[in-house]
Amino acid sequence: MAKKILITGGAGFVGSALALGLGQKYPDWQITALDNLKRRGSELNLPRLKQANINFIHGDVRNLEDLDASLLQPDLILECSAEPSVLAGYNSPKYVLETNLIGTINCLELARQTKSDFIFLSTSRVYPIFYLNNLNFTEEKTHFQLKEKQTIIGASKYGIAENFPLDKARSLYGTTKLSSELLIAEYADSYGIRTLINRCGVLTGPWQMGKVDQGVFALWMAYHYFKKPLKYIGYGGKGKQVRDFLHIEDLLNLIDLQINKLDQFQGETFNVGGGIDNTLSLLETTKICEEITGNSINIEPVKENRQGDVPIFITDSRKIREKRSWQPQKDAKNTLTDIYQWIKENESMVKSILIS
């Protein structure tokens, strides 16, 4: 059945990828991307959206009037809008609160008025920093590694599961997303909205305008490609801190599945990430970037930790994998090669943004 989908944050990395991917697979769907174009580089997606017949609205989820129910009338809202940086929560709290929390409230109000379904992209940063910093791990040659025995519920050698405790501070950014999750549950219960929450780990791939505080794998490849220096920040400056990653195409495949089987997923929360089989330390990322680009760059060690950082995070995504037999297809070499090819093909367009 043809659908009318509104994607908030629709010109951003995640939103545009979902809009373009769904538009290609379902050309009869009416897809609208709404974005305030605040993040530098999002404007580069506008010609891509136009070419794919994706309707674009220059709007802001902070403004209720930009989410006019009488005009939009979506069947489904994909809520991808966010200020995704933990550091931004410390430096620009007002914008983070208004975008990530007030924005979600406004989107929920639109869902209430139009009776549309609601899929929310949350974050792994809802989990408290104190507990993440107290996981049991060892220091191996190139990375930190979770121990098999963990003392915190929801933690295991597979990473962090959905039942990990939530009762301590997690950063202002993470708090806005967790608050949004609570509001989504209330709207679902009060107004009968079909909802779904995906707590995403590190997402990456082509067209991500990576920064130091968000989009680290795209940033790492870009700086190797353009031969610019980097830093290993924190944890002794060794580059052994670890994240799992998920290629944006793998997220697209999951969202496609969830949209078409929403009755089987509604009301649930899933940790969505690459998992234990798709993890990289910065040191390991450097090695792969060197192999792909043929370039070796200077990387300065900075021993002091950044506020809000954690040494290791791996998404335990077994719940969603077991429910629908979904699993990521893109490994580290594939993912970083895809980013490299994108930069190579669009070098003049993206250079000033990626290394600003």
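## Thr114 and its surroundings

In this predicted model, Thr114 touches Ala69, Gln73 and Pro74, leaving out residues up to four places away in sequence. Thr114 belongs to helix α5, which covers residues 93–114. With a relative accessible area of 13%, Thr114 falls under the 20% limit and therefore counts as buried. The side chain of Thr114 also makes a polar contact of 3.2 Å with the side chain of Ser116.

## The protein as a whole

The protein contains 14 helices and 17 strands. Its radius of gyration is 19 Å, close to the 21 Å that the globule rule gives for 356 residues, so the protein is as compact as a globular protein of that length. Along the principal axes, the C-alpha atoms fill a box of roughly 55 × 50 × 40 Å.

Of the 356 residues, 57% count as buried. Among contacts in the protein with a separation of 6 or more, 82% are between residues 24 or more positions apart.

## The parallel sheet

Seven strands make up an open sheet with parallel pairing, in the order β3-β2-β1-β4-β5-β10-β14. Its edge strands are β3 (55–58) and β14 (269–272), each of which pairs on one side only. On average, and with direction ignored, neighbouring strands of the sheet are turned by 20° against each other.

Within this sheet, strand β1 (residues 4–8) pairs with strand β2 (residues 30–35) in the parallel sense, over five bridges. Ile5 has Ile31 in β2 as its bridge partner.

## Strand β10 and Arg199

Strand β10 spans residues 195–200 and includes Arg199. This strand runs parallel to β5, and six bridges join the two; Thr123 stands opposite Cys200 in β10. Strand β10 is also parallel to β14, to which four bridges join it, and there the bridge partner of Arg199 is Asn271 in β14. Helix α7 (residues 172–191) lies across β5 (117–123) and β10, running at about 155° to β5.

Six of the six residues of β10 are buried, so the strand is largely enclosed by the rest of the structure. In a regular strand, side chains alternate between the two faces of the sheet. In β10 both faces are covered: Thr195, Ile197 and Arg199 are buried on one side, and Leu196, Asn198 and Cys200 are buried on the other. Arg199 itself has a relative accessible area of 6% and is buried. Its side chain makes a polar contact of 2.9 Å with the side chain of Tyr127.

## Nonpolar cores

In soluble globular proteins, nonpolar side chains tend to be buried together. The largest nonpolar core here has 36 residues, of which Ile5, Val14, Leu18, Leu22, Leu78, Leu251 and Ile259 touch the most other members. The contacts of Leu78, not counting residues up to four places away in sequence, are Ile5, Leu6, Ile7, Thr8, Leu18, Leu22, Ile119, Ile255 and Ile259. A second, separate core of 31 residues includes Met221, Ile299, Tyr340 and Ile353.

## Two buried loop residues

Ser124 is placed in the loop between β5 and α6 (129–132). Its relative accessibility of 10% is under the 20% limit, so Ser124 counts as buried. Apart from neighbours within four places in sequence, Ser124 is in contact with Arg199, Cys200, Gly201 and Phe313. The C-alpha atoms of Ser124 and Gln307 are separated by 17 Å, and these two residues are 183 residues apart along the chain.

Gly234 lies in the loop between β12 (230–233) and β13 (242–247). At 1% relative accessibility, Gly234 is counted as buried. Neighbours within four places in sequence aside, the contacts of Gly234 are Gln241, Val302, Lys303, Glu304 and Asn305. Of these, Glu304 is 70 residues from Gly234 in sequence, with a C-alpha to C-alpha distance of 4.7 Å.

Methods: Residues are numbered from 1 along each chain as its sequence is written. This is a predicted model: local features need pLDDT of at least 70, side-chain atom pairs count only at pLDDT 80 or more; totals for chains, interfaces and linings use all residues. Side-chain values use heavy atoms; hydrogens and water are left out. Buried means under 20% relative accessible area, exposed over 50%, partly exposed in between (1.4 Å probe, protein chains only). A polar contact is a pair of N or O atoms within 3.5 Å; within protein, one must be able to donate a hydrogen and the other to accept it, and residues adjacent in sequence count only if both atoms are side-chain atoms. Two strands pair if DSSP finds at least two bridges between them. Axes are lines fitted to C-alpha atoms, for helices over the stretch in contact, and angles run from 0 to 180 degrees between N-to-C directions. Contact means heavy atoms within 4.5 Å. A nonpolar core is a set of buried Ala, Val, Leu, Ile, Met, Phe, Trp, Tyr and Cys residues joined through side-chain atoms within 4.5 Å. The radius of gyration is taken over C-alpha atoms; the globule rule is 2.2 Å times the number of residues to the power 0.38.
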